[in-house]
Amino acid sequence: MSDPVRIRGSVVIPDAELSWRFSRSSGPGGQHVNTSDTAAELSFDLAGSVSLPQPYKDRALQRLAGRLVGGVITIRAEEYRSQLRNRDAAKARLAALLTEATAPPPKPRRPTKPSRRVHERRLENKRRRGEVKRGRSGRFDI
């Protein structure tokens with residue numbers, strides 16, 4: 001039928017783990033909108049998935065906790081007038097969401113300190129700038 005959802009590297013979600021629901025979509029389409037189920041709603045059981053490795057699954061469950069309902073993530077696509085294009089859009093959004101959610105955490109930032117030369121240069125520039133402004137004041141200290 002269609003391609004499985006690719007997450008990262010060789011990790012893919014087969015179509016068997018995805019469940020679809022279709023309904024009437026809002027928006028343009030004239031009388032066609034009233035008769036066709038073009039909106040696609042994709043549900044993926046993240047907690048019960050066997051295709052995701054456990055570290056990816058744990059990371060995704062933690063990062064997507066606000067979007068999950070009972071361990072299931074749901075994505076609705078209705079921007080196109082064609083059911084097929086809405087299905088593809090929903091799969092693409094799921095892939096992007098899971099790719100971002102399963103990404104490894106960023107390296108921790110190591111705090112650094114400016115070098116002494118940079119610090120001295122900054123203070124010297126501040127002093128010089130202050131002298132320029134003091135020279136504009138109009139009062140003369142003689």
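The model is a predicted one, in which local features need pLDDT of at least 70 and side-chain atom pairs count only at pLDDT 80 or more, while totals for chains, interfaces and linings use all residues. Residues are numbered from 1 along each chain as its sequence is written, and side-chain values use heavy atoms, with hydrogens and water left out.

K57 sits in helix α1 (residues 54-63); helices are DSSP runs of H or I with at least four residues, strands are E runs of at least two, and both are numbered from the N terminus. K57 is buried but has no salt bridge, and D58, the nearest side chain of opposite charge, is 7.1 Å away. Here, buried means under 20% relative accessible area, exposed over 50%, and partly exposed in between (1.4 Å probe, protein chains only). Lys and Arg count as positive, Asp and Glu as negative, and His and the chain ends are not counted.

A salt bridge puts a side-chain nitrogen of Lys or Arg within 4 Å of a carboxyl oxygen of Asp or Glu, and the structure holds eight of them. One pairs E79 with R93 at 2.9 Å, N to O. This pair links distant parts of the chain, 14 residues apart: E79 is in the loop between β5 (72-77) and α2 (83-101), R93 in helix α2.

Over in helix α3 (residues 116-135), R127 and E124 lie three residues apart, about one turn, and their side chains form another salt bridge (2.9 Å, N to O). E124 also meets R128, at 3.7 Å, N to O.
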